Amino acid sequence: MTVVIDGKAAAASVIEAVTSAATTLESSGHRKPGLAVVIVGDDPASHAYVSAKSRMAKQCGFNSIQHTLPEETSQEDLMALVAALNADPEIDGILVQLPLPKHLDSEPVIQSILPEKDVDGLHVVNAGKLATGDLKTGLLSCTPAGAMILVRQIHGKDLSGLNALVIGRSNLFGKPMAQLLLNASATVTIGHSKSRDLPELARQADILVAAVGRAEMVKADWLKPGATVIDVGINRVAAPEKGEGKFKLVGDVAFAECKPIAKAISPVPGGVGPMTIAMLMANTVIAAHRRAGVAAPSF
Ligand SMILES: NC(=O)C1=CN([C@@H]2O[C@H](COP(=O)(O)OP(=O)(O)OC[C@H]3O[C@@H](n4cnc5c(N)ncnc54)[C@H](OP(=O)(O)O)[C@@H]3O)[C@@H](O)[C@H]2O)C=CC1
Ligand SMILES: Nc1nc(=O)c2c([nH]1)NC[C@@H]1CN(c3ccc(C(=O)N[C@@H](CCC(=O)O)C(=O)O)cc3)C=[N+]21
């Protein structure tokens, strides 16, 4: 029987641990962890994610502040807001929702966030710590950290001898995911749009992670029987069966046909997505502990 990995349940247990760490921190005389989420423009999907993040931060007992800037915000104004949040002693974590409107350059914005407040794990200092094998003193990118917790449920901490394929090489997900898998001693391949014969690479993989953004790209005949499949893709596709003009979310993996071949598979929705938000809360509570000079929990 294939295991359908329950990301909601795994996220709920992370959230429980985060909430309890936040409560303990506060009852020992420190202030609440503070998370600032910055969103520019009015993309409805981004707004939905940001409100989910703000809601969850409140549920964890954080001080959660949302900054909503108009579409026409300038690079200077956005950078000035980040500088103010860097200097704000009440703020432990800063997240700038991506993608930014086209006229803005995200890289200087991300790099201007203080590394110790970079709860997205995208600052070069945090990316560099991960790349050099320091997983303890920086902040990890939320989605790969969450995906790794799901992999650990199936395989434990040591992935020695296992082949892993990550499809996608973004800074937000693919690269840090590959590094986490490598750190756990998997033999890692990274596939992308210029790879030759992805299906053949996939058939070698004991652990297949798909983060492309192409609905149901990974088919049943790509899988090694008994593989663990982690689906990171979030694709909104038409769902006429739900009514005219309705949409549904699907991943990068053709779930129904892949499920019988896999040992374990994460669904979309209800897989990696909820873990991303949970790990953002985990990073915020870690940053708050470090700022307070108290030993931080690990997740
Ligand atoms: N569940 C969650 O919490 C999160 C989900 N996501 C989702 O994950 C997906 C990927 O996100 P992200 O990494 O930010 O996306 P990017 O668009 O930054 O990266 C996509 C990657 O997929 C590769 N790619 C594109 N087309 C193909 C193809 N036909 N064959 C093989 N590789 C291809 C690209 O290759 P190349 O580099 O050559 O262009 C690139 O490396 C999206 O669906 C996104 O919504 C992202 C973050 C969080
Ligand atoms: N700076 C930055 N950091 C991010 O981590 C970041 C970002 N920008 N921009 C966009 C992507 C995407 N992302 C998701 C978070 C949660 C779900 C999630 O909770 N998904 C639910 C479904 C939600 C729904 O129903 O719409 C699920 O998969 O079950 C999905 C996707 C974070 N991202």
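Some conventions come before that. Residues are numbered from 1 along each chain as its sequence is written, and chains are lettered from A and ligands numbered from 1 in the order in which they are written. Since the model is predicted, local features need pLDDT of at least 70 and side-chain atom pairs count only at pLDDT 80 or more, while totals for chains, interfaces and linings use all residues.

Domains, then. The assignment gives domain 1 (29-117) and domain 2 (142-274); such bounds come from an automatic or database domain assignment. Taken over C-alpha atoms, the centres of the two domains are separated by 28 Å.

Next, the sheet. Helices (H or I, at least four residues) and strands (E, at least two) are DSSP runs, numbered from the N terminus. Two strands pair if DSSP finds at least two bridges between them. An open sheet of 3 strands runs in the order β3-β2-β4, and the pairing is parallel. From one strand to the next the twist averages 15 degrees. The angles here lie between N-to-C directions and run from 0 to 180 degrees, with axes as lines fitted to C-alpha atoms, for helices over the stretch in contact.

Strand β2 (residues 34-40) pairs with β4 in the parallel sense over 4 bridges, and V37 has L95 in β4 as its bridge partner. Helix α2 (residues 44-59) packs on the sheet and touches β2 and β3; the direction of α2 makes about 170 degrees with that of β2. Contact means that the C-beta atoms of two residues, placed from the backbone, lie within 7 Å.

β7 (207-210) and β8 (228-231) pair in the parallel sense over 4 bridges, with V209 and I230 as bridge partners. β8 is also joined to β11, by 2 bridges, and these two run parallel. There, T228 stands opposite A264 in β11. Along β8, T228 and I230 point one way, V229 and D231 the other way, and all are buried. Buried means 20 or more other C-beta atoms within 10 Å of the residue's own, exposed means 12 or fewer, and partly exposed is in between, with C-beta atoms placed from the backbone.

Now the ligands. Which residues come nearest to ligand 1? Of the 24 residues around ligand 1, they are G168, S170, S193, G213 and T276. Near means that a residue's C-beta atom, placed from the backbone, lies within 6 Å of the molecule or strand. The largest share of this shell, 3 residues, comes from α10. By class, there are 9 nonpolar, 12 polar and 3 charged residues around ligand 1. Ala, Val, Leu, Ile, Met, Phe, Trp, Tyr, Cys and Pro count as nonpolar, Asp, Glu, Lys and Arg as charged, and the others, Gly among them, as polar.

Ligand 2 is surrounded by 18 residues, and L98, P269, G270, G273 and T276 are the closest. Two or more residues of that shell come from each of α2, β4, α6 (142-155) and α10. With 4 residues, α10 gives the most. The classes are 12 nonpolar, 5 polar and 1 charged. Domain 1 and domain 2 each supply at least three residues to the shell around ligand 2.

P269 is in the loop between β11 (264-265) and α10 (272-292).

Two residues other than glycine have positive phi. D197 has a phi of about 55 degrees and is in the loop between β6 (187-191) and α8 (198-202). D197 counts as exposed because it has 9 C-beta neighbours inside 10 Å. For E216, phi is near 50 degrees, and the residue is in the loop between β7 and β8. E216 has 20 such neighbours inside 10 Å, so it counts as buried.

Last, N86, in helix α3 (residues 75-87). Why is N86 partly exposed? Because N86 has 15 C-beta neighbours inside 10 Å. Neighbours within four places in sequence aside, N86 is in contact with I113, L114 and K117.
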